[in-house]
Amino acid sequence: MREKIAIGTAAAAAALLANNLYQMFMVLPDEALQGAIYRILFFHAPAALVGMIGYFVALTFSILYLSSKNFLHDSLAASVVEVSLVFSVVNLVTGSIWARVIWGIWWTWDARLTSALVCVLIFFGYLVMRRAIEEPTQRARLSSALCIFGCVDVVIVYKSIDWFRTQHPGPVLDFRTGGGKMDPAMAHIFWLNFLAILLVAVALVLVRTRQESTAREIDSLRRLAHTAA
Amino acid sequence: MKTIRHALLIARKDLALELRTKESLNAAGAFAIVILVLFSFAFEETEQIKEIGGGLLWLVFAFAGALIFNRSFARELPNDCLDTLLASPLSPASLVTGKALANFVMLLAMELISIVIFGIFFNVNWTRHIGELSLVFALGTWGISILGAVFGALTVNLRLRELMLPIIIYPLLVPLLIAAIELTKLLLSNQSMTPNDFLWTKLLIVFDVVFTALAMLLADTILVN
């Protein structure tokens, strides 16, 4: 059943992405000031949003694991962090490409760039730590604790670096500005692409959760065989 | 109240042990001095050093601190001392807080040595705002110490423990280091604090309070299997 849901979600994401790509490249005009490169926004910002949402979903699953000790919650938390990390990296790379064209530099130590990078480093540490623990219960317990620390820190990091230095463009999306900063046609494709990327993330999480659960089952069988021998 | 009393007992035990063996302090102190000497080759002894001095000092504290934190729980591994401590009436929260207190004292001692040497090597008078500087050092050091104790406990049984601790702890310390660096830079440059700079002090306090609360809340999860 879960496999069918994953395939269905991936198929819906693919169809939506195909439509969005057509709209982006064939229907929407170039932006008046930035030219063609503005289209990277349709991937850059949704990837950031999906990444951020993912970290807080992982926080929820981590808290759920600690209260229920259900390994499915741990698998879900780990999968969500892994997929969110991929989208955070996509966000950094696409942002870097945009910055090279518009600002003339690949990177600057601006508030949002730095907080996004620190976020990637925190959750990269989470994945590295998971690999270093073999015992499943210990791995789930310690990973959940680290995820809680990481998510709380992300909030403080964002605020602190915002005071520190800022160069990143201000918000353009309607829910942050109250409207008027983005053409409605562009905003429409933006949210459709956000949905497509969210569906890709959900499909990937479902696949990774299944792999995590299978890996844990194989591991427990191996341990059982060891004990029997 | 009982937690605080138990935490003080643990801190006293750790500090007594450290005073006898001096293994963490010697290593961290020597490391800090070597780094400061290396910085003297990298940076000229000019006015610019006051601008970057805050950053240099806090990098030294964070790096040398990792040597102290790695030992803080690892020293309980031989003879199953950690299991004995966990089986005792001590709560995990008091154990973590006690370790953090011991880390705090050791790190402050190492910071005192480092700043004296920094003042001599780079010809910087750091005593002009000693009151404010002490407050910044105390707040920053408590934040590093509590996270060091928590993640020392979290990584104590892991493979590659020495490697894992810095990978996890440094990204988490970013907000604290930014605030501490900004304030130290300001005080070393002999400038007075403006209301805007109090934002950094508030950030240090928020960081300390939030992570101390989280550490006490999750100590049981981290230590008790």
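Visitor: Why does R210(A) count as partly exposed?

Guide: This is a predicted model, and in it R210(A) has a relative accessibility of 44%. Buried would require under 20% and exposed over 50%; the value for R210(A) lies in between, so the residue counts as partly exposed. E3(A) also stands at 44% relative accessibility, and is therefore classed as partly exposed.

Visitor: What makes the meeting of R210(A) and E3(A) a salt bridge?

Guide: The side chains of R210(A) and E3(A) meet at 3.5 Å, N to O. The limit for a salt bridge is within 4 Å, so this pair qualifies. R210(A) belongs to helix α7 (residues 184-228) of chain A and E3(A) to helix α1 (residues 2-27) of chain A; the two are 207 residues apart, and the pair links distant parts of the chain. In general terms, side chains of opposite charge can pair when their charged atoms come close. Over all chains, a search of the whole structure finds 17 salt bridges.

Visitor: Are E82(A) and R208(A) buried or exposed?

Guide: E82(A) has 17% relative accessibility and therefore counts as buried. R208(A), at 19%, is also under the 20% cut-off, so R208(A) counts as buried.

Visitor: Which elements does the pair D14(B) and K99(B) link?

Guide: D14(B) is in helix α1 (residues 2-21) of chain B, and K99(B) is in helix α5 (residues 92-122) of chain B, 85 residues apart. Their side chains meet in a salt bridge at 3.0 Å, N to O. Both D14(B) and K99(B) are buried.

Visitor: Why are α5(B) and α6(B) called oblique to each other?

Guide: Helix α5 of chain B packs against helix α6 (residues 130-155) of chain B at an angle of about 135°, with axes 8 Å apart. Roughly perpendicular ends at 115 degrees and roughly antiparallel requires over 145; α5(B) and α6(B) are therefore oblique. Their crossing is right-handed. By class, the contact of α5(B) with α6(B) has 15 nonpolar, five polar and two charged residues.

Visitor: What makes α2(A) roughly antiparallel to α3(A)?

Guide: Helix α2 (residues 41-68) of chain A and α3(A) pack at about 160°, with their axes 7 Å apart. The cut-off for roughly antiparallel is over 145 degrees, so α2(A) and α3(A) fall into that class. The crossing of α2(A) and α3(A) is left-handed, and the residues of their contact divide into 17 nonpolar, eleven polar and one charged.

Visitor: How many helices and strands does chain A have?

Guide: Chain A has seven helices and zero strands. Of its 229 residues, 47% count as buried. The C-alpha trace of chain A spans about 70 × 45 × 30 Å along its principal axes.

How values were computed:
Residues are numbered from 1 along each chain as its sequence is written. Chains are lettered from A and ligands numbered from 1 in the order in which they are written. This is a predicted model: local features need pLDDT of at least 70, side-chain atom pairs count only at pLDDT 80 or more; totals for chains, interfaces and linings use all residues. Side-chain values use heavy atoms; hydrogens and water are left out. Helices (H or I, at least four residues) and strands (E, at least two) are DSSP runs, numbered from the N terminus. Buried means under 20% relative accessible area, exposed over 50%, partly exposed in between (1.4 Å probe, protein chains only). Axes are lines fitted to C-alpha atoms, for helices over the stretch in contact, and angles run from 0 to 180 degrees between N-to-C directions. Angles under 35 degrees count as roughly parallel, over 145 as roughly antiparallel, 65 to 115 as roughly perpendicular and the rest as oblique. A crossing is left-handed if the near helix is turned anticlockwise from the far one by less than a right angle, and right-handed if clockwise. Ala, Val, Leu, Ile, Met, Phe, Trp, Tyr, Cys and Pro count as nonpolar, Asp, Glu, Lys and Arg as charged, and the others, Gly among them, as polar.
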